[in-house]
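Dear colleague,

I am handing over the structure below, and after it you will find notes on what was found. Please read them with the structure open beside you.

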Amino acid sequence: MHFEFSEEQLMIRQAARDFAQTELKPGVIERDEHQKFPAEQVKKMGELGFLGMMVPPEYGGSGMDAISYVLVMEELSKIDASASVVVSVNNSLVCYGLEKYGTEEQKRKYLVALASGEKIGAFCLSEPEAGSDATSQHTTAVDMGDHYLLNGTKNWITNGGTASTYLVIAQTDPSKKHHGINALIVEKGMEGFTVGPKENKLGIRGSDTHSLMFTDVKVPKENRIGEDGFGFKFAMKTLEGGRIGIAAQALGIASGAYELALEYSKQRKAFGKTISDLQAIQFKLADMATQIEAARLLCLKAAWLKDHGQPYAQASSMAKLYASEVAMRTTIEAVQIHGGYGFVKEYHVERLMRDAKITQIYEGTSEIQRIVISREVLK
Ligand code: CAA
Ligand code: FAD
């Protein structure tokens, strides 16, 4: 067992750290306040290869491993989780799904532009009445011979307004239940496809979350991913990797808040000494540091398993469950350590606390992660 990163992994982590400081930090408070999508920053992340990190170079990607992806996600998320969720969705839900299960034609037509960051993708599983209960799809994709006729509504879709390519999960044959579900590649601009207004959110306010409406959208048969009826398995397999990305996002939110609290505690004076001299504060920092390290190891273990072709569903759910809970606890304590200053925007920790909450909800709530983990351990 080696607890060492390679030169390449250290370099990419440093590149992400520098990018987060120089490009994401300036303006992050304003983007949060005005719900502004980090468009320029996303373009630059594409140029740096962060949007198709694990895709082989022949399909426009950077050909890196999942460990590097975790390192990059942590660094970006320390500063701006609204930007890092774009990286997570594009890499692990959209690019991975196409690379692993798409045809050569689909890869050439869609993956190359997505992996290079020229275009952005979205993953569309959740519906107004089906979030956790993802097999209960109401969106229909009726088989019309040479195309599917897509009807229905998807909810809460990250990159909903900015994406060009959408992977949409829909029910083709209800009699087959989840075996009758398909995953279709839908392009922005297809007739009958409309994007709803942007959601006004508690956290990750810069990210672009919309509902999507499909009315008699004709999707060519060649845009189906995998065999007929593979759509639900496609979603589940893709989410296994997606959860590593969100776990690393939660880790970054936690470590970003911890680093700010640590620095602040060494400067703030009370009762004639710095607050870091108070055991009450020292113990908070000790708990934060310990939990963050445990979350980091879970993220890296899940990524390592993925890189080594071993099953990683349980590991990615454990990483997401634990890291997201650590993110919530750590950010609350970081605000506490900042006292009143923690409650105002300039000190960043209140935003990190708001951003942390979503990591317990999307890509499967904490309750859903417990279902996945308990089913694995009881097998
Ligand atoms: N790999 C392959 N197949 C899987 C699988 C996996 N990891 N997990 C489940 N399946 C298969 C099962 O084997 C089963 O197929 P068979 O009948 O052929 O065996 C089928 O899927 C249905 O599985 P279950 O019987 O376990 O279904 P369930 O309804 O009891 O539970 C669930 C499924 C785990 C709760 C699932 O619905 C789930 O993960 N829900 C959460 C949805 C979610 O994570 N949404 C995230 C949306 S994307 C997002 O949020 C992005 C973002 O924010 C940025
Ligand atoms: P519900 O499923 O209605 O859950 C409500 C509560 O009940 C939760 O606490 C849940 O854990 C609990 N619960 C439900 N079932 C069980 C059970 N069996 N056992 C125990 N507890 C249970 N989806 C996408 O497809 N693509 C995206 O890009 C995307 N981005 C998102 C971005 C944001 C900002 C948000 C808020 C959501 C996003 N989602 C996306 C949707 C997200 O994945 C769902 O919100 C999530 O899966 C939960 O579904 P729900 O909101 O319908 O809650």
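In what follows, a residue is near a molecule if its C-beta atom, placed from the backbone, lies within 6 Å of it. This is a predicted model, in which local features need pLDDT of at least 70 and side-chain atom pairs count only at pLDDT 80 or more, while totals for chains, interfaces and linings use all residues. Residues are numbered from 1 along each chain as its sequence is written, and chains are lettered from A and ligands numbered from 1 in the order in which they are written.

Around ligand 1 there are 23 residues, of which Ala-134, Met-236, Tyr-362, Glu-363 and Gly-364 come nearest. Two or more residues of this shell come from each of helix 5 (81-101), helix 7 (231-267) and helix 11 (366-377), helices being DSSP runs of H or I with at least four residues, numbered from the N terminus. Helix 7 gives the most, with six residues. Because domain 2 (122-231) and domain 3 (237-378) both contribute to the shell, ligand 1 lies between them; the domain bounds come from an automatic or database domain assignment.

Helix 7 itself has 37 residues and bends by about 30 degrees at Glu-240, the bend being the angle between axes fitted to the seven residues ending there and the seven starting there. Since 29 of its 37 residues are buried, helix 7 is largely enclosed by the rest of the structure, where buried means that 20 or more other C-beta atoms lie within 10 Å of a residue's own, with C-beta atoms placed from the backbone.

With best regards

How values were computed: Expected span 1.5 Å × (residues − 1). Buried ≥ 20, exposed ≤ 12 C-beta atoms within 10 Å, placed from the backbone.
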